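Reader: I am new to reading protein models. Please take one part and walk me through it closely, then show me what else is worth a look.

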Amino acid sequence: MFGLDKKDTSLLIVVALLTLLAPFILNPFPSDSAMAQFNAGYPDLMQRFVIFGIFAVGFNILFGLTGYLSFGHAAFLGVGSYSAVWMFKLLSYNIIPAVVLAVIIAGLFSLLIGFISLRRSGIYFSILTLAFAQMSFALAYSVLSNPKFNLTNGETGLQVYADDPQWLHGANMPDVPHLFGLSMRSTYTLELGPWAFDFNTGYYICAIVMMVAFYLAIRIFRSPFGMMLRAVKSNQQRMNYTGLNTRPYTLAAFVISGMYAGLAGGLMAAMDPLAGAERMQWTASGEVVLMTILGGAGTLIGPVLGAGFIKYFENIFSKINDNVLHGWFAFLPDGLEDFVVTIIHPFVGKGWHLTLGLLFMMVVIFLPGGLVEGGQRLAAWVRSKRNKGQDDETTGKTEPAE
Amino acid sequence: MDAFLIQILNGLDKGSAYALIALGLTLIFGTLGVVNFAHGALFMVGAFCAVTLQRVLTLSFETVDETQKDFLGNPLKVKTPYVESWFGPEAGAWIIDWAVPLAVLIAIPIMLLVGYVMERGLIKHFYKRPHADQILVTFGLAIVIQEIVKYFFGANPIQTPPPDALNGVANLGAALGMEIVYPVWRIVYFCFSVLIIGGIFAFLQFTTFGMVVRAGMADRETVGLLGINIDRKFTIMFGIAAAVAGLAGVMYGPINPPNYHMGMDFLVLSFVVVVVGGMGSLPGAVLAGFLLGILESFASTTWATTTIPGINQIIIYLVAIIVLLTRPRGLMGRKGVMEE
């Protein structure tokens, strides 16, 4: 289907089903039960899942295929957000021009940065992209927000004000981001007994965009171009010696991933028309690296999994406080209960980053292929257990992580 | 002229911090070939050594002083730090006053130990892995260290005042007939860092240990074949690099109150410094550190910021980009280091 082989088609269909049915899947607990805090099916979080999924899929095209570790991808996300909000300010709240401009501007910006950074490889490349991103952050945060030339609105963040021109603003259009009148914030809540499922327009638009982005990523992975990028990863020197200039390929990969980041930034602004400089900070770049590594760099589904995983646990862990912990461990004797809660306390709530850092280190140390490799190992283990009695020759032979 | 000198002085203290961190980064990179993203965290841990020592020294017990009354007429409770009761009030007060310089003494063994544990426990397993993995695991470690410090010390900056004797300002230009008034502690910091940098270079140049390390940096395999346990020496160098970063942090506390993310803030800039100086070149790291510090301070003058708004925020990155594009190996980079 769509020029994909059978395996990729089924992967695409699985992803499509998961995203389209997400409001059901992420809301397994009745809304009045104690487990309701583990529900993730509310619009804001679901939007973040898919938007960061797009971001990570794009980052993976650069890092997973070519092995160039960029530490400055958040800059493109930020640029995308800023350009989208400017479209809201100048034209109208319709998201189409905003997202399109976000992709174009982020693409141009990444062309410029990639052209310079890709002259160097390895650690130099990482540091150059980091320097560029920090510079963009400094520019957005203070330099470009002076009264004479206010492009970013500095610390406050860029937002739409009532006296903005909005030349194409229709009379009967809503005053929030919309798609031809369909507001991003409109949510239809389906109540089924104790369950409540939210169907949000913004989420579904992001989900459709993500499926298209994911489809394109599959095509890139399977194309000769993708093959060339993999060759750059495995041995760039040999490529150069065979008389092939690898720079256009890596630059193309860089620009594509920059455009994905811009798309994510544009969608982020479309969901909430506000763009702040902190989106460009290098911790934000680090986050997308974490997502990609955690899910499995170089695999198709890995980055999406990683993005979902991090955003879900960020949300859940931040909500757990001491009272919740005491509730869970109430069955233990009093002294032991307090002790267990004291042990766990630093890792939850505000300590989520500690857990994330530890988790990330564990993954890099023990599971370089991320969650996907973990899944494959688990599957191989289960298979070898099952086949033990049948004397099967193929056991233990696992697919290498791509 | 006065203003010119002041700007150079302003650049020197920040430049010292850059130079010290970059020196440690280069030592680690030159010996072990590892890119240490957790080096900023070591700088921060050093600063928090000073904070901890200060807290320990000011631990006190309460006594009821019958001669003094508070405003309600009850006997006043007086807090006396333990050190004052042990060493007498004057010596005790002096010790508390000099907490930051004294922290240097405890920071050296602590940081050596931290560096040793880090190398043996974690970094050792990453020599054969790609640079990307090294970056990622040390990045994760940096997050973990940062969050642990945040858990124990909170998110707000903690004041660590310098000793009273070094707290004022001094007129440096008096001998030259000029008016250059400058905080004493910053001058102390500069002298301290020059001392450490000189010490490291002397150590590498004039001791047998340093000679072996230099030989190992040039050709690790041959040194190993000559029957020298080079891994052990490199582990110790990692500890020393950690100690350098830690000391830079200890003494930086009075200039800028330590908070848990100060390491990350410095790390990015220190990497830029290393790259500008040339990967693997120790003199390059020091030179670039001071150079960029001074450039940054010149870019912060009102003249510069009114001509190009915000130039002080981006000057270092701009310089780094220009240097890398015109001299890809950095100012003093050697051929063959990180060229793949």
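Author: Let us start inside chain A. The second largest cavity is lined by A:Ser70, A:Gly72, A:His73, A:Ala75, A:Phe76, A:Ile113, A:Thr129, A:Phe132, A:Ala133 and A:Phe254. Two elements each give two or more residues to this lining: α4 (74–90) and α6 (122–143) of chain A. The largest share, 3 residues, comes from α6(A). Keep in mind that this is a predicted model.

What classes of residue make up this lining? There are 6 nonpolar and 4 polar residues, and no charged ones. The space in the second largest cavity is about 40 Å³.

Where does this cavity stand in the whole structure? A search finds 2 cavities of 30 Å³ or more. By class, the lining of the largest cavity has 7 nonpolar residues, 1 polar residue and no charged residues.

Now go to the surface. A nonpolar patch there is formed by A:Ile13, A:Val14, A:Leu17, A:Leu18, A:Leu20, A:Leu21, A:Phe24, A:Ile25, A:Leu192 and A:Trp195. Together they have about 840 Å² of accessible area. The elements with two or more residues in the patch are α1 (6–20) and α2 (22–25) of chain A. Helix α1(A) gives the largest share, 5 residues. Take A:Ile25 as one member of the patch. A:Ile25 sits in helix α2 of chain A.

Next, the charged pairs. How many salt bridges are there over all chains? The count comes to 9. One joins A:Arg48 to A:Asp44, with the closest N and O atoms 2.9 Å apart. Both residues lie in helix α3 (residues 43–66) of chain A. They are 4 residues apart, about one turn of the helix. A:Arg48 is partly exposed at 27% relative accessibility. A:Asp44 is partly exposed too, at 44%.

Chain B has a salt bridge between B:Arg186 and B:Asp13. The closest N and O atoms of this pair are 2.9 Å apart. B:Arg186 lies in helix α7 (residues 184–206) and B:Asp13 in helix α1 of chain B, so the pair ties together parts that are 173 residues apart in sequence. Look at the cover on each partner. B:Arg186 is partly exposed, with a relative accessible area of 26%. B:Asp13 is buried, with 2%.

B:Glu119 and B:Arg120 form another salt bridge, their closest N and O atoms being 2.9 Å apart. B:Glu119 is buried, since its relative accessible area is 0% and buried means under 20%. B:Arg120 counts as partly exposed at 29% relative accessibility.

Finish in chain A. Which residues are linked in a network of salt bridges? They are A:Glu287, A:Lys311 and A:Glu314.

Key
Residues are numbered from 1 along each chain as its sequence is written. Chains are lettered from A and ligands numbered from 1 in the order in which they are written. This is a predicted model: local features need pLDDT of at least 70, side-chain atom pairs count only at pLDDT 80 or more; totals for chains, interfaces and linings use all residues. Side-chain values use heavy atoms; hydrogens and water are left out. On a 1 Å grid over the protein atoms alone, a cavity is a set of points where a 1.4 Å probe fits but cannot get out, and a pocket is an open set with protein on both sides within 12 Å along at least five of seven lines; lining residues have an atom within 4 Å of a point. Grid points are joined across faces, edges and corners, and a volume is the space filled by probe spheres set on the points. Ala, Val, Leu, Ile, Met, Phe, Trp, Tyr, Cys and Pro count as nonpolar, Asp, Glu, Lys and Arg as charged, and the others, Gly among them, as polar. Patches are made of residues with over 30% relative accessible area and no salt bridge: like charges are joined within 9 Å, nonpolar side chains (Val, Leu, Ile, Met, Phe, Trp, Tyr) within 5 Å. Accessible areas come from the Shrake-Rupley method with a 1.4 Å probe; for residues, only the protein chains shown count as cover. A salt bridge is a side-chain nitrogen of Lys or Arg within 4 Å of a carboxyl oxygen of Asp or Glu. Buried means under 20% relative accessible area, exposed over 50%, partly exposed in between (1.4 Å probe, protein chains only).
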